[in-house]
Amino acid sequence: MHRIILTLLGIFIGSTVQVNAQQKASVSGYVTDSETGETLISANIGFQGTRLGAATNTLGYYTIPNIAPGTYNLVGSYLGYRSYSQEIILEPGENLRLDIDLIPESIELEEIEVRSQAELEEQKNIGTAQVNTELIKELPSVFEADVFRSVQLLPGVKAASDFSSGLYIRGGSPDQTLILLDRTTVYNPSHFFGFFSTFNPDAIKDVRLYKGGYPAEYGGRLGSVLTIYNKDGNRKETAGSATVGLLASRASIEGPYKKGSWMLAVRRSTLEPLLAGLRQSVDNIPSKFYFYDVNGKINFDANANNKFSLAFYAGQDRVTFPFTDDAVFELDYGNQTVSGNWTHIFSEKLFSNTVVTGSRYFNYPDFDLAGTPFRRENNIYDFSLKSDLEYLPNNDHRLKMGFWSGIFTFNLNDIFDDRTTFQSRIQNQYASFYVQDEWRPSDRWVLTPGARFNYFSDGEYLRIEPRMAVEYRPNDRIRLQGAYGRYNQFITLISNEAFSGFDVWLTSAKGVSPAYGDQFVIGTKTIPFTDYGLDIEFYYRSMNDLFELDPFLPDVGGLPYQDVFRFGEGYAYGTEVFFEKRAGRFTGFLGYTLAFTWRKFPGFNAEISNQEQTARFYPPKYDRRHDFNVVGNYQLSDRWKFTTSFNFATGQSYTKVLGRYVQYDLPWTNEDRNAFTVGKVNASRLPNYHRLDISFSRTGRFFNVGDSELQLQIINVYSRRNTWFYNFDFNENPIEINDVNMLPILPSVSYTVNF
Amino acid sequence: MKHYSLILLAFALVLSSCDPYAQDEYEEYYVVESYLVANALLPEVRLSTTVPADAFYDFEQAAINSAAIEIQLLESGPESAIEQSWTYQLNAPGIYVPELDHNVIPGRTYKLDIILPETLERITSTATVPEAFEIIGEVQDSITYQSTEQLEFTLSASSYPGRQNIFVFNSVSLQPFSENLTPFYAELIQDSDQPEVALEEFANNSSGIINESGFEFNPDGSATVQYPWIGVAFYEDNLIVANTIDDNIYDFIRSQETQLGGSTLSPGEIQNIIYNIDGGIGVFGALASDTVQVYIKRPGS
């Protein structure tokens, strides 16, 4: 490992010396929104008529090094913004610092202006998708605009049900996706027990999903990475918005100050009046239920080369549910994150970002049944230091390296009848180091080799992960791409797709090897016509040493840690098609996924007559063979906009019960035990799923306070009663099998004022 | 564009046309049910078959009445020779009883051996009886419901080969009348679709599976248990029973209870129960138990 690091440092130094000797010039700077001063991620900057160009990084910073002195027309572009163009003259050896403001494109424009060469080569790496934050607010959503629900519309991403915002990506369960908010891990990003995600759409500016084959700068999960960045806050003027909705209301305010900007966004459920009304006529209504979240950020621009920011998030759900006079259930769960970020520009070629993060996840379910209390105290604390260096020795290489190190503390106490029945406190140190190079040996080829080294203290696990991405551009409109990566995962989630409020994470340890897997992705990204995109990807991924809580353990007390788990394997493969219209009065996309997911655990899905010896691969419930999404967004007039989404998917897999019998004589109960015999697990399919949602929005003025937007939405327009699962009624003989349905038709209305 | 579409369509058709994971058809299995209780007489054995899930279920119709059944005491474990055996005879449809009495010996292994004369099919299973234990020391003979002082008793040391003891507790009401229900269970009965069935079930109210590691152990190896109020469904006289179970019952219960959800498995992801029977399904299990009687007083009485 030391030899590899030394070699890489040698490349760094050698390249620097070579470039300095040539007396080339460079241009670098931040790209921001002209109205708000928000930095723009993945904006394209380039020189017209050349292939010199770069995209801004996650801090909105770009660098184009190694430019021959001369006069150029610098162009900048970003989807939804007017193209930027400026003539610049570069002297030998000049390092021009040029911060660029891009002007948001007015929505009245029917056609997008002709775009620069650089934009046609928009930086879209394999397996990567970006979700427009405006689209998140515009999409029809169940009561509340939701980041994860929007992500679920992308090909390769599936939802477990209408009630779950969990992300099932390319055959991976939700715990296989690393979720980063301002570079900080979020462990249970859900409100309302999983119904929707914790991220307030008013507070975020960028959502990016790395579905698979993701680069070496990320790690820690087998499947994918979702990065979410909060807004920095308006650097030009104080602005805000307030939205009143059926389920929740939210408000945000942002603005500048002398040395930077700030932002604060809050959201809270507003269900209390509804619950109070329901309690008058309906039994079993919670006596208390609310959730809230707060996002905040303050930026301090110390000077041109140093920026600091402090961001925080806090979210919580609380419910109290007295389901009889002598039984009450209470649940309190949530997340808190904080991150302190320092961006430093050493030179036009060397850029660094260092962040200190803290993340806490907690849940405290508390039952009191007939005078017998049961309480769980579950806390996760994750404190880390992360630093990334980006170095551009010349136009052919973009080197990135960095480390991420931290302490992960896991506390779990189960207390039954005032006695501790299970207690666990695990503290792990983890560290990772990565290096990757984006190498452009020619105009047509881009190679991104990389490697990531991971260490996890419990069990002393050291894992090396090679990564490689290759891109070939036969012409300006077609990119052929491929990627391979090895991925490791040291933690696992204990959850239930129907309810995320009890989620518990457990870690690998001595005797519990981390899970690992390989991912292979090939694909093409094309621009068949101006402003259209067509992407096709094929993927295959393996999952080995999967460890998850053994579902057949009613009590884990006293068991050795490794005996709490079952260990399995899996694989998934499929293809995804994404056809997009990016600009104009009508925008939208069409996504199709053909997917196969298989898992296997010892003894599970075994033949009934040979349970010890056999286990077979089975499709998990969320496996869907075909998944088809259409999203359309049409500007009807200056004021009215229509948005729709339609999803058709093969029914989820389920296990058909084949036979039954009854056990009568269990000595400790008078209950007759009904038992099923089944064949292969999940070998049948529920009816196909389909749902159409629509949304109309009208913009206007709210007195003289500011612009307003009224949204009228209908979820499940034709009230398709999609089946979630089947329920068995044993009171009937023969057994009655009933559908448990998902959401019926639901209207929703919200009103937003921007000031 | 056209080329892409055609390639994609072809790929989709190829992949989706073959189904390597077809749904199985219903298959009939022999079903066994019998529980050895330490120091108790040999139990009856139930023998029947499964029925299709959508068919009317009636035990008598599913019963097997022509089997030759023996329970055998093995010398020293599951693979050892037979020390003694007891022949069973049909007593009622599908229900067999031993021809001779025998008290089940704690710590010993028994084998169930069933032969079906028509087909010569054989069903076998072995069960190791947990070591017997006792509820020792003083136990309150009456206690006020939900008072701060809980029912407390001490279990003598017990053992099961290869693992900690696994317990199930139950309370058996001796006056299981609706007016004797404790408030929590009274409300459940009110909300029930079938209150009479629910009342009968509550009359023998069990705790579910509990590992002994959750108990408070005393220096002599005995364990002190505080009986939770949730386990008490009726006021007045109750038998409180502590049971320690063998692997066969443990496997059966823990997997049967996940068939209808409640675990980390997704709803509808049902798997077969874990069986320890060759040639059939069901359970041939063993347990040891001891009982105390306690009078549950109404608060304020």
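Let us start with one pair of residues: W445(A) has Y472(A), in β30(A), as its bridge partner. This is a predicted model, in which local features need pLDDT of at least 70, side-chain atom pairs count only at pLDDT 80 or more, and totals for chains, interfaces and linings use all residues. Residues are numbered from 1 along each chain as its sequence is written, while chains are lettered from A and ligands numbered from 1 in the order in which they are written.

The W445(A) bridge belongs to the pairing of strand β29 (residues 445-456) with strand β30 (residues 461-475) of chain A, which is antiparallel and has twelve bridges. Strands here are DSSP runs of E with at least two residues, helices are runs of H or I with at least four, and both are numbered from the N terminus; two strands pair if DSSP finds at least two bridges between them. Four residues lie between β29(A) and β30(A) in their hairpin, and G459(A) in the turn has a positive phi of about 100 degrees. From β30(A), a second hairpin leads through two residues to β31(A). Seven bridges hold the antiparallel pairing of β30(A) with strand β31 (residues 478-489) of chain A, and within β31(A) the bridge partner of R467(A) is G485(A).

Now follow chain A to where it meets chain B. Here 72 residues of chain A are in contact with 79 residues of chain B, a contact meaning that the C-beta atoms, placed from the backbone, lie within 7 Å. On the side of chain A that touches chain B, the elements giving two or more residues include β32 (491-496), β35 (532-549) and β36 (565-581). The largest share, seven residues, comes from β41(A). By class, this side of chain A has 37 nonpolar, 22 polar and 13 charged residues, where Ala, Val, Leu, Ile, Met, Phe, Trp, Tyr, Cys and Pro count as nonpolar, Asp, Glu, Lys and Arg as charged, and the others, Gly among them, as polar.

β41(A) also takes part in a sheet that involves both chains: three strands form an open, antiparallel sheet in the order β42(A)-β41(A)-β3(B). Strand β41 (residues 657-663) of chain A pairs with β42(A) over six bridges, and Q663(A) has R673(A) as its bridge partner. Two bridges join β41(A) to β3(B), where R660(A) stands opposite V51(B).

Finally, consider chain B itself, with five helices and 17 strands. Its radius of gyration is 24 Å, well over the 19 Å that the globule rule gives for 301 residues, so chain B is more spread out than a compact globule. That radius is taken over C-alpha atoms, and the rule is 2.2 Å times the number of residues to the power 0.38. Of the 301 residues of chain B, 42% count as buried.

Definitions and conventions
Two residues are in contact if their C-beta atoms, placed from the backbone, lie within 7 Å. A residue is buried if 20 or more other C-beta atoms lie within 10 Å of its own, exposed if 12 or fewer, and partly exposed in between; C-beta atoms are placed from the backbone.
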